[in-house]
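Visitor: Could you take me through this model, one question at a time?
Guide: Gladly; here is the entry to look at while we talk.

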Amino acid sequence: MTVQAMAEALRLTPLCVPEPDREVTGGYTGDLLSWVMGNAQSGDAWITIMSNDNVIAVAVLTDVACVILSEGVTLDERLLALAEKKSVNVFSTELSSFAVGAKAAALL
Amino acid sequence: MKELSLNILDIAKNSVKAKAKLIEIVIDEKDGWRRLTIRDDGCGMPPEMVATVTDPFTTSRTTRPVGMGLPLLKLAAEQTGGTLSVKSSQGDDHGTEVTATFAMDHLDCVPVGDYAGTMVTLIQGSPEIDFSFTYRREGGEINLETAQMREILGDVPLDTPEVLAWVYKSLTAPEQP
């Protein structure tokens, strides 16, 4: 399933989608960035409540398919520009990490 | 990182890479604040690198586009209301000093964790480098100086299993080593 298709199915708000056709092959939920760095897999949809430069860096390092910011978290202008520059797909949702994770898992 | 000890390991490895001869690690807990200082006499960094070193997209490694050691330590400190600062010089008194402060009563303040394991790992990985470790907190101070150990041990290398076991035990013993 593509990032775009998943976002539509989960009704995610697109914040920055430079690679809409990227394939989502799995999922990971976590906010402790060092832990995510060691455990998220390439192609995962990564669900987190964190929003800072390091989130974009970890997304690049782990090569996740997209970042889903849960619980209403968004990116400011500067972080949006950074995500765009680094080609990181970022979405937002009002759902909790648990709820959006459960819905995403049902899709995959 | 789940424990500050893992951050310490990460940052001290930078000092090893900078060809330090002495790496000093101090954890000082006072008035609700934990201050971590990692100081080395390595090659230091140019000012333009110091300015960007907490940017996750900067690294001294060529294998990946981002370096996460200092950015993650900065995040860990700032999450508690603390700060991170980096000072470095390439002159006569060359070296780098990283200082991070943490509000200990903040919910997101990670525990110090297995500092003894971190010191054993560091000494084992670089037995030729001298390490100075001090953990000062209410109720006492723990101190380890590999330079002193060397004087006593003579030709016995610091990465001898018995020596490393002693290091671990002395750092975790309730009394002073």
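Predicted model: local features only at pLDDT ≥ 70, side-chain atom pairs only at ≥ 80, totals over all residues.

Visitor: Which elements cover the buried residues of helix H3 of chain A?
Guide: Helix H3 spans residues 53–62 of chain A, and its buried residues are A:Asn54, A:Val55, A:Ile56, A:Ala57, A:Val58 and A:Ala59. After this helix comes A:Asp63, which has a positive phi near 60°. The cover over those buried residues includes helix H2 (33–39), S3, S4 and helix H4 (77–85) of chain A, together with helix H3 (69–78) of chain B.

Visitor: In what order do the strands of the chain A sheet lie?
Guide: The sheet is open and built from 5 strands with mixed pairing. Its edges are strand S1 (13–16) and strand S2 (26–29) of chain A, each of which pairs on one side only. Neighbouring strands are turned against each other by 25° on average, with direction ignored. Across the sheet of chain A, the order is S1-S5-S4-S3-S2.

Visitor: Which residue stands opposite A:Trp46?
Guide: Strand S3 of chain A covers residues 44–48 and is joined by 4 bridges to strand S4 of chain A, residues 66–69, the two running parallel. In S4(A), the residue standing opposite A:Trp46 is A:Val67.

Visitor: At about what angle does helix H5 of chain A run to S2(A)?
Guide: Helix H5 comprises residues 97–107 of chain A and lies across S2, S3 and S4 of that chain. Read along the sequence, chain A follows the pattern α-β-β-α-β-α-β-α-β-α. The angle between H5 and S2(A) is about 170°.

Visitor: Is B:Leu84 buried or exposed?
Guide: B:Leu84 belongs to strand S3 of chain B, residues 84–89. Leaving aside residues up to four places away in sequence, B:Leu84 touches B:Thr54, B:Leu73, B:Lys74, B:Ala77 and B:Ala100. Its C-alpha atom is separated by 8.7 Å from that of B:Leu70, 14 residues apart along the chain. Because 20 other C-beta atoms lie within 10 Å, B:Leu84 is buried.

Visitor: How many residues does the hairpin between S3(B) and S4(B) pass through?
Guide: These two strands pair in the antiparallel sense over 6 bridges, and B:Ser88 stands opposite B:Thr96 in S4(B). The hairpin joins S3(B) to S4(B) through 5 residues.

Visitor: Which residue in S4(B) is the bridge partner of B:Arg35?
Guide: Strand S2 of chain B, residues 33–40, pairs with strand S4 of chain B, residues 95–103, over 8 bridges in the antiparallel sense. In S4(B), the bridge partner of B:Arg35 is B:Thr101.

Notes. Residues numbered from 1 in each chain as written. Chains lettered and ligands numbered in written order. Pairing = 2+ DSSP bridges. Axes fitted to C-alpha atoms, helices over the stretch in contact; angles between N-to-C directions. Contact = placed C-beta atoms within 7 Å. Buried ≥ 20, exposed ≤ 12 C-beta atoms within 10 Å, placed from the backbone.
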